[in-house]
Amino acid sequence: MTNIGHFRAAAKLLGGQRDIRTVAADGSDAVGGGVAVTRDSAVDWSPTWSPDGTRIAFQSIQPADLNPGGSFGAESRIWIAGADGRTPPKPVTAPGRPLGSHGMPQWWPGSDRIVFAVSAPSGVFLGAALWTVDARSGEFRELSTHERVSSEFTVAPDGRGVLVVGRNTTTLW
């Protein structure tokens with residue numbers, strides 16, 4: 001769940017479906033569920049607001065890509081949608097581009113770039129990689145790949161760097 005101003009974006013389970021919704025930060029419209037940003041059969045989570053507050057990036061996976069028992073398997077992707085629920089979601093990453101499951105999106109401050117983690121399929125690469133994609137042009141750029149990089153990171157509020165939790169270590173990079 002992320003906040004901007006008087007609103008928050010949350011992955012909410014309503015009627016057995018996990019969608020992205022915006023709700024008042026004080027919870028006043030929680031009973032009605034707020035504004036639906038996504039309305040589909042996919043499992044959507046990890047919403048994050050664009051710097052200008054008009055769009056939300058999120059991670060999504062189609063039900064067919066879930067492992068038995070509902071655990072995440074194959075390839076999740078990064079999507080963006082209008083925060084007001086009027087602009088339909090569109091993918092900004094695609095299966096195999098880059099190789100692996102795409103997750104944990106965060107907007108780069110003051111830009112149209114989205115930073116995301118890529119966890120490669122078993123046997124391909126043991127760590128994670130950090131990539132960016134420009135939400136408007138679709139241009140990709142790899143930031144980091146290392147066996148000790150995990151998919152847990154945060155972009156500095158001033159945009160001057162990324163703090164990464166090391167994999168199998170207590171180190172922050």
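This is a chat about a predicted model of one chain.

Visitor: What does the chain average for pLDDT?
Guide: The average is 79, and 72% of the residues score at least 70. pLDDT is the predictor's confidence in each residue, from 0 to 100.

Visitor: How many helices and strands does the chain have?
Guide: There are 0 helices and 14 strands. Both are DSSP runs numbered from the N terminus: helices are H or I with at least four residues, strands are E with at least two.

Visitor: What order do the strands take in the open sheet?
Guide: The order is β5-β6-β7-β8, with antiparallel pairing. Two strands pair if DSSP finds at least two bridges between them.

Visitor: Which strands stand at the edges?
Guide: β5 (43–49) and β8 (90–91). Each has a single partner strand, so one side of each lacks a neighbour in the sheet.

Visitor: And how many bridges between β6 and β7?
Guide: Strand β6 (residues 55–61) and strand β7 (residues 77–82) share 6 bridges, in the antiparallel sense. Ile 56 stands opposite Ala 81 in β7.

Visitor: Switching topic. How many residues are in the largest nonpolar core?
Guide: It has 13 residues. Among those with the most contacts inside it are Ile 80, Trp 107, Phe 116 and Trp 131. β7, β10 (113–119) and β11 (128–134) each give two or more residues to this core. A nonpolar core here is a set of buried Ala, Val, Leu, Ile, Met, Phe, Trp, Tyr and Cys residues joined through side-chain atoms within 4.5 Å.

Visitor: What does Ile 80 touch?
Guide: Leaving out residues up to four places away in sequence, its contacts include Ile 56, Phe 58, Pro 88, Val 92, Trp 107 and Ile 114. Contact means heavy atoms within 4.5 Å.

Visitor: How much of the chain is buried?
Guide: 41% of the 173 residues. Buried means under 20% relative accessible area, exposed over 50%, partly exposed in between (1.4 Å probe, protein chains only).

Visitor: Now charges. How many salt bridges?
Guide: The count is 5. The rule asks for a side-chain nitrogen of Lys or Arg within 4 Å of a carboxyl oxygen of Asp or Glu.

Visitor: What does Arg 136 pair with?
Guide: Asp 112, at 2.8 Å from N to O. Arg 136 is in the loop between β11 and β12 (140–146), and Asp 112 is in the loop between β9 (101–107) and β10, 24 residues apart. Arg 136 is exposed at 59%, while Asp 112 is partly exposed at 22%.

Visitor: And Arg 113, buried or exposed?
Guide: Arg 113 is buried, at 10% relative accessible area. Its salt bridge is with Glu 139, with the closest N and O atoms 3.8 Å apart. Arg 113 lies in strand β10 and Glu 139 in the loop between β11 and β12, so the pair ties together parts 26 residues apart in sequence. Glu 139 is partly exposed at 43%.

Visitor: Which residues do shared partners join into one network?
Guide: Arg 55, Asp 112 and Arg 136.

Conventions: Residues are numbered from 1 along each chain as its sequence is written. This is a predicted model: local features need pLDDT of at least 70, side-chain atom pairs count only at pLDDT 80 or more; totals for chains, interfaces and linings use all residues. Side-chain values use heavy atoms; hydrogens and water are left out.
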